[in-house]
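The sequence and the structure come next.

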Amino acid sequence: MQNQGRSKRTKTGARTRPHSKKKKHQLGRSPTETTVGEGRFRVVDARGSGTKVRALSTDVANVTDDGETEHATIEDVVENDANPNYARRNIITKGAVIETSVGRARVTSRPGQDGQVNAVLVE
């Protein structure tokens, strides 16, 4: 989310004056809407000396079933509780149900933050 800042008006309607400028640690970014497609990734700087790998699009998922994990190709996004439009637009977020080559699976990772899709098979 972008930094919206404080309201310019108080509860009673008076104008407030800024007490400081915007700081680097208040910076926000627009969400990475990871789509189904050929793998594209972007590395961004995180707070401190860390980095994050954002998956802009991916077609591979690590699907786990009873302790066994295997690579599977993502075919489609079936449902997404975060936003009904995301399912139509094939956007993957945490909690989305995806159709893979081994069956339907629920995403447990955050592809926009981790850069990979981990999922658990659902019956």
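Val 43 stands opposite Val 53 in strand S3 of this predicted model. Strands here are DSSP runs of E with at least two residues, helices are runs of H or I with at least four residues, and both are numbered from the N terminus. Two strands count as paired if DSSP finds at least two bridges between them. Residues are numbered from 1 along each chain as its sequence is written. Because the model is predicted, local features need pLDDT of at least 70, side-chain atom pairs count only at pLDDT 80 or more, and totals for chains, interfaces and linings use all residues, while side-chain values use heavy atoms, with hydrogens and water left out.

S2 covers residues 40–45 and runs antiparallel to S3, to which 6 bridges join it. Arg 40 has Ser 57 in S3 as its bridge partner, and Asp 45 has Thr 51 in S3 as its bridge partner. The hairpin of S2 and S3 has 5 residues between the strands, and in it Gly 48 takes a positive phi near 75°.

S3 (residues 51–58) also pairs with S1 (residues 34–36), in the parallel sense and over 2 bridges. In this pairing Val 36 stands opposite Thr 58 of S3.

These strands belong to an open sheet of 4 strands in the order S2-S3-S1-S6, with mixed pairing. S2 and S6 each have a single partner strand and stand at the edges, so one side of each is left without a neighbour in the sheet.

**Surface patch**

Phe 41 is located in strand S2. Together with Val 43 and Val 53, Phe 41 forms a nonpolar patch on the surface, and the three have about 270 Å² of accessible area together. Such patches are made of residues with over 30% relative accessible area and no salt bridge; like charges are joined within 9 Å, and nonpolar side chains (Val, Leu, Ile, Met, Phe, Trp, Tyr) within 5 Å. Accessible areas come from the Shrake-Rupley method with a 1.4 Å probe, and for residues only the protein chains shown count as cover. Phe 41 is partly exposed, at a relative accessible area of 47%. On this scale buried means under 20% relative accessible area, exposed means over 50%, and partly exposed lies in between (1.4 Å probe, protein chains only).

**Barrel**

A barrel is closed by 5 strands in the order S4-S5-S7-S8-S9, and its pairing is mixed. From one strand to the next the twist averages 50°, with axes taken as lines fitted to C-alpha atoms (for helices over the stretch in contact) and angles running from 0 to 180 degrees between N-to-C directions. Val 107 has Ala 119 in S9 as its bridge partner.

**Salt bridges**

Side chains of opposite charge can pair when their charged atoms come close. A salt bridge is counted here when a side-chain nitrogen of Lys or Arg is within 4 Å of a carboxyl oxygen of Asp or Glu. The count by this rule comes to 2 salt bridges.

| Salt bridge | N to O distance | Relative accessible area |
|---|---|---|
| Glu 33 – Arg 89 | 2.9 Å | Glu 33: 30%; Arg 89: 47% |
| Arg 104 – Glu 99 | 3.1 Å | Arg 104: 42%; Glu 99: 24% |

The side chains of Glu 33 and Arg 89 meet in one of these salt bridges. This pair links distant parts of the chain, 56 residues apart: Glu 33 is in the segment before S1, and Arg 89 is in the loop between helix H1 (84–88) and strand S6 (91–92). Glu 33 counts as partly exposed, and Arg 89 is partly exposed as well. For the other pair, Arg 104 is partly exposed, and so is Glu 99.

**Overall dimensions**

The chain has 2 helices and 9 strands, and along the sequence they follow the pattern β-β-β-β-β-α-β-β-β-α-β. Its radius of gyration is 19 Å, well over the 14 Å that the globule rule gives for 123 residues, so the chain is more spread out than a compact globule. That radius is taken over C-alpha atoms, and the globule rule is 2.2 Å times the number of residues to the power 0.38. The C-alpha trace spans about 60 × 35 × 25 Å along its principal axes. Of the 123 residues in the chain, 28% are buried.

Pro 84 lies in helix H1 and is exposed, at a relative accessible area of 57%. Pro 84 and Ser 20 are 64 residues apart in sequence, and their C-alpha atoms are 39 Å apart in space.
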